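Keep the sequence and the 3D view open while you read.

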Amino acid sequence: MNYKYLFREIKKEEIPQMFQIILDRMKWMDEKGIKQWNVTKYDEVYPPSYYEEKREKGEVFVLEEIDSRQIVCAGVLKKEDERWQQECSGSHDGTAFYLHNFATSLDKKGVGITFLQMAEEYAVQMGKEYFRLDSADDNETLAQYYDRQGYVPVGRCEDCLYTGILRQKKL
């Protein structure tokens, strides 16, 4: 149990904080020369209204730093994912959560791993067998990050300008 952070559903008034984390991460990608969200109009494809819609469905989760009450990480946990239909016959059978729009605060090292661990624990509590996500096929650093967390590549996906690697972890 990690007592420094609280994993929970986002509150309506926190959507702007989550969106700012995404905007900050896009700027960081520009600075690092990573071509991902910053070149695919991510903030236009996934505007604040998208996160509000997902919040209303109970699909947006955050990692809150307990001492500061600051949101340090966020993501959308979907019960179904169209990107997985071709690669995995079980994409809509309720056995998995699918993580999207996963972003961490720039100044909080290690919170992504904490979010993943707590989200995986939540998935187990909800009776899920798998935790699934994807990563850009040209981002080797991110691929290694997910490899270290136990996410195995199982296929590929395409979504407009995005080409990715489907990854999953058996819970």
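Is L166 buried or exposed?

L166 counts as buried, because its relative accessibility is 0%, and buried means under 20%. The model is predicted, so this value, like those below, is computed from predicted coordinates. L166 sits in strand 7, which covers residues 162–170.

Look next at A136. Along the chain, L166 and A136 are 30 residues apart. Their C-alpha atoms are separated by 9.1 Å.

## The largest nonpolar core

Nonpolar side chains tend to be buried together in soluble globular proteins. Here, the largest nonpolar core has 22 residues. Those with the most contacts inside it are F7, L63, L77, L99, F115, L116 and F131. Seven elements can be traced in the view, each giving two or more residues to this core: strand 1 (5–9), strand 2 (60–65), strand 3 (70–78), strand 4 (96–104), helix 4 (111–125), strand 5 (130–136) and helix 5 (140–148). Helix 4 provides the largest share, seven residues.

Now pick out F115. Which residues is F115 in contact with, leaving aside neighbours within four places in sequence? They are F7, F61, V62, L63, C73, A74, G75, L99 and F102.

## Two residues with positive phi

R69 is not a glycine, yet its phi is positive, near 60 degrees. R69 lies in the loop between strand 2 and strand 3. R69 is exposed, because its relative accessible area is 55%, and exposed means over 50%.

N101 is not a glycine either, and its phi is positive, about 55 degrees. N101 is placed in strand 4. Is N101 buried or exposed? N101 counts as buried, because its relative accessibility is 5%.

Where does E52 lie? E52 is part of helix 3, residues 48–56. E52 counts as buried, because its relative accessibility is 15%, and the cut-off for buried is under 20%. Setting aside residues up to four places away in sequence, E52 touches K12 and I15.

Note on methods: Residues are numbered from 1 along each chain as its sequence is written. This is a predicted model: local features need pLDDT of at least 70, side-chain atom pairs count only at pLDDT 80 or more; totals for chains, interfaces and linings use all residues. Side-chain values use heavy atoms; hydrogens and water are left out. A nonpolar core is a set of buried Ala, Val, Leu, Ile, Met, Phe, Trp, Tyr and Cys residues joined through side-chain atoms within 4.5 Å. Buried means under 20% relative accessible area, exposed over 50%, partly exposed in between (1.4 Å probe, protein chains only). Helices (H or I, at least four residues) and strands (E, at least two) are DSSP runs, numbered from the N terminus. Contact means heavy atoms within 4.5 Å.
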